[in-house]
Amino acid sequence: MIESVLPADFDRQRFLRDYWQKKPLLIRAGELPFVDPITPEELAGLACEQDIESRLIQVNAAQDTWQLRSGPFTEAEFESLPQTHYSLLVQAVDHWVDEVSALVADFDFIPSWRIDDVMVSYATDSGNVGPHFDYYDVFLIQGMGQKRWQTGAMCNSMTPRRDESGLRLVKDFQPEQEWIVGPGDILYLPPGVSHYGVAIGNSMTYSVGFRAPSEADIVSGLADQLLDELTEDQRYVDVNAQLPLHPGEISADVVRHLHERVLSMIANPEQIRRWFGKTMTTPKYQHDEHSACCGSHDGHDYGHEQDDGGISDIISLRDALGDGAEVFKVPGSRYAYALADTQAELYVDGECYRCNWRLLTLLQALSTPGHTEALDPDVVSACNADEEAAELLLTLYNRGSLIIG
């Protein structure tokens, strides 16, 4: 198990002040050796699974033409690949492998609800995915092998791109900085920075990506929530009706009235908080149908249907907890919480649960990033003694977001 991916002297406060969402930073490996939490063979096995998103990208010897294929793949397809010039990328490996999930624990200086997933890539010599940019922050943790990273100019939606391969690559990429990275080195890239990484020999990279909804997504999401709450009875009405200067004019008073009405609809912080909490914890991938490729906690399979220890109601739950049953988060489940004036709100997999403030310790334990071990026994014991906390655990268990056994 990886104990730490950031060096001991990494200054988190300085990083947030000087680099986060501002400029790239290469963080050289610390004293602890980096051990890959997954092998290339295991990664290829995940890429053969129907429910796991994977891509295979081949590049020609001239490094100017890329070919993209999407998984799932077969063993025969891997056996037919050349020895060099290809990359295999598998999304959300942290949902399936505990040791990969543990990589995000060091990034607790960024809110856990911002973390999206850990994509793992294996590249043979000269393999790469082409010069491109992302709309989100990413920490690129180098595993086995070496990679040459180049960074270029800041990009946006107007940047010329070539997308004949389906990869939307930056056209006419011009490198401005270059590094050779080895095991344990981490390259941080803010949104919009163009970058190009080419493997030197066989190479593994672990990409910790962060969610960054666009403002268009935020506006449309809030609008969708408002539409669900509005009725046909709520309509435009005239206020302070007066004789118009001209019957065809939309007066400034009308526009002012509309402006005030629209602002009043979205001026509720509680409504925005609840929408944001549910949105940022909505899983990108379903986690209730984990296959046999998943890891396990001390022999406990991840599949909820495989975890039925006879828990059907609050009595059987409390009996199980009293007998020493452990509580785990289901890999892929997303947790966050917020504190309101009179209550706390726990957001889990796109749902909101209102709680008493006294459950804060439980909410914090559930929302810890990279948490792959069982919840603290003292936290579980306190839950068993608190009816509201026990009911919350039972609800999350029944919804497939917790494992109890």
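Contact here means heavy atoms within 4.5 Å. By that criterion, residues 24 or more positions apart account for 79% of the contacts in the protein chain with a separation of 6 or more. The structure is a predicted model, in which local features need pLDDT of at least 70 and side-chain atom pairs count only at pLDDT 80 or more, while totals for chains, interfaces and linings use all residues. Residues are numbered from 1 along each chain as its sequence is written, and side-chain values use heavy atoms, with hydrogens and water left out.

**The whole chain**

Display the C-alpha trace of the protein chain, which spans about 80 × 70 × 45 Å along its principal axes. In cartoon view, the chain has 11 helices and 20 strands; these are DSSP runs numbered from the N terminus, helices being H or I with at least four residues and strands E with at least two. Of the 405 residues, 48% count as buried, where buried means under 20% relative accessible area, exposed over 50% and partly exposed in between (1.4 Å probe, protein chains only).

**Two loops with positive phi**

Select Gln 21, in the loop between helix 1 (12-18) and strand 1 (25-27). Phi of Gln 21 is near 60 degrees, a positive value in a residue other than glycine. Gln 21 is partly exposed, at 43% relative accessible area. Next select His 85, in the loop between helix 3 and strand 4 (86-90). His 85 is not a glycine, yet its phi is positive at about 65 degrees. Is His 85 buried or exposed? With a relative accessible area of 18%, His 85 is buried.

Move to Ser 54 in strand 2 (residues 54-59). Ser 54 is buried, at 3% relative accessibility. Leaving aside residues up to four places away in sequence, Ser 54 touches several residues, including Gly 71 and Pro 72. The peptide bond from Gly 71 to Pro 72 is cis, with omega near 10 degrees. Pro 72 itself lies in the loop between strand 3 (66-70) and helix 3 (75-79).

**Helix 5 against helix 7**

Select residues 215-229 (helix 5) and 269-280 (helix 7), which pack at an angle of about 115 degrees with their axes 11 Å apart. Axes are lines fitted to C-alpha atoms, for helices over the stretch in contact, and angles run from 0 to 180 degrees between N-to-C directions. Helix 5 is therefore roughly perpendicular to helix 7, a label for angles of 65 to 115 degrees, with under 35 roughly parallel, over 145 roughly antiparallel and the rest oblique. Which residues of helix 7 meet helix 5? They are Gln 271, Ile 272 and Trp 275.

**Aromatic rings**

Stay at Trp 275, which is buried with a relative accessible area of 9%. Phe 276 is partly exposed, at 27%. A search of the whole structure finds 21 aromatic pairs; rings of Phe, Tyr and Trp (its six-membered ring) pair if their centres lie within 6.5 Å, and planes under 30 degrees apart count as stacked, over 60 as edge-to-face and the rest as tilted. The rings of Trp 275 and Phe 276 have centres 6.3 Å apart and planes at 45 degrees, so this pair is tilted. Finally, select the aromatic cluster whose members include Phe 10, Trp 20, Phe 107 and Tyr 188.
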